[in-house]
Amino acid sequence: MRLKNRRARGRDAGGWLALGSAGSGRRHAACAWLRETGSLTARLQQSGPTAVQLLYQGLRRPPRDEWRVLRLAAGRVAPVREVVLRVAGRVAVFAHTAANRAAWKLLRRAGRRPLAAVLFTDPRVKAGPLYYRQVDARHPLYRAAASWCEGTAPCRLPARRALFARGAARLLITEVFLPWS
């Protein structure tokens, strides 16, 4: 499924670049993946058998650059979910979701399934624009994702994120792309 009007301009509240910005993702092997506007899980399934491994789901302090996007009080705990997506047995994506309390039910409903199974099948969910960033060792999501790289992790990893909303529920989904192909 593809969603229309997911293009953005400038930066999001956390400082990530709009995916359509000049140079954002054009030089990276993950460019096509970064620009995918539909379910990333469905797109990955076109490359081989895909599995989701739930790593964590509970309350945790999200990274600082997510506070403003979700309108969370600084340093407060929020619902967080982390998974890895495997394609043909190899880890391809580390996905991190931070949410407000109103979204807790949506996260629990996904369980061990891809979050896309909940979000892309619910017509009340609205997907926001895609934003991009190269994360490095200074970013907590790089450190979490790099541990899943086979061999030595690159200095930077391409990542994208988007805000999903359903009523008062807000989920910020970040996908960090690992070298797997």
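## Asp65 and its two arginines

Let's start with a salt bridge: the side chains of Asp65 and Arg133 come together with N and O 3.7 Å apart. This is a predicted model, so treat the distances that way. The two partners come from distant parts of the chain, with Asp65 in helix 3 (residues 64–70) and Arg133 in strand 6 (residues 131–136), 68 residues apart. Asp65 counts as buried because its relative accessibility is 13%, under the 20% cut-off. Arg133, at 30%, counts as partly exposed.

Asp65 also meets Arg161 in a salt bridge, this one at 3.2 Å, N to O. Here helix 3 is linked to strand 7 (residues 156–166), and the two residues sit 96 positions apart in the chain.

## Other salt bridges

Asp136 pairs with Arg138, and their closest N and O atoms are 2.5 Å apart. Asp136 is buried at 16% relative accessible area, whereas Arg138 is exposed at 71%.

Then there's a network of salt bridges that ties together Arg109, Asp122, Arg124 and Arg166. Across the whole structure, the search turns up 9 salt bridges.

## The overall picture

Zooming out, the protein has 6 helices and 8 strands, running β-α-α-β-α-β-β-α-α-β-β-α-β-β along the sequence. Among contacts with a separation of 6 or more, 68% are between residues 24 or more positions apart.

Of the 181 residues, 50% count as buried. The accessible surface is about 9300 Å², and carbon and sulfur atoms make up 50% of that surface.

Methods:
Residues are numbered from 1 along each chain as its sequence is written. This is a predicted model: local features need pLDDT of at least 70, side-chain atom pairs count only at pLDDT 80 or more; totals for chains, interfaces and linings use all residues. Side-chain values use heavy atoms; hydrogens and water are left out. Helices (H or I, at least four residues) and strands (E, at least two) are DSSP runs, numbered from the N terminus. Buried means under 20% relative accessible area, exposed over 50%, partly exposed in between (1.4 Å probe, protein chains only). Contact means heavy atoms within 4.5 Å. Accessible areas come from the Shrake-Rupley method with a 1.4 Å probe; for residues, only the protein chains shown count as cover. A salt bridge is a side-chain nitrogen of Lys or Arg within 4 Å of a carboxyl oxygen of Asp or Glu.
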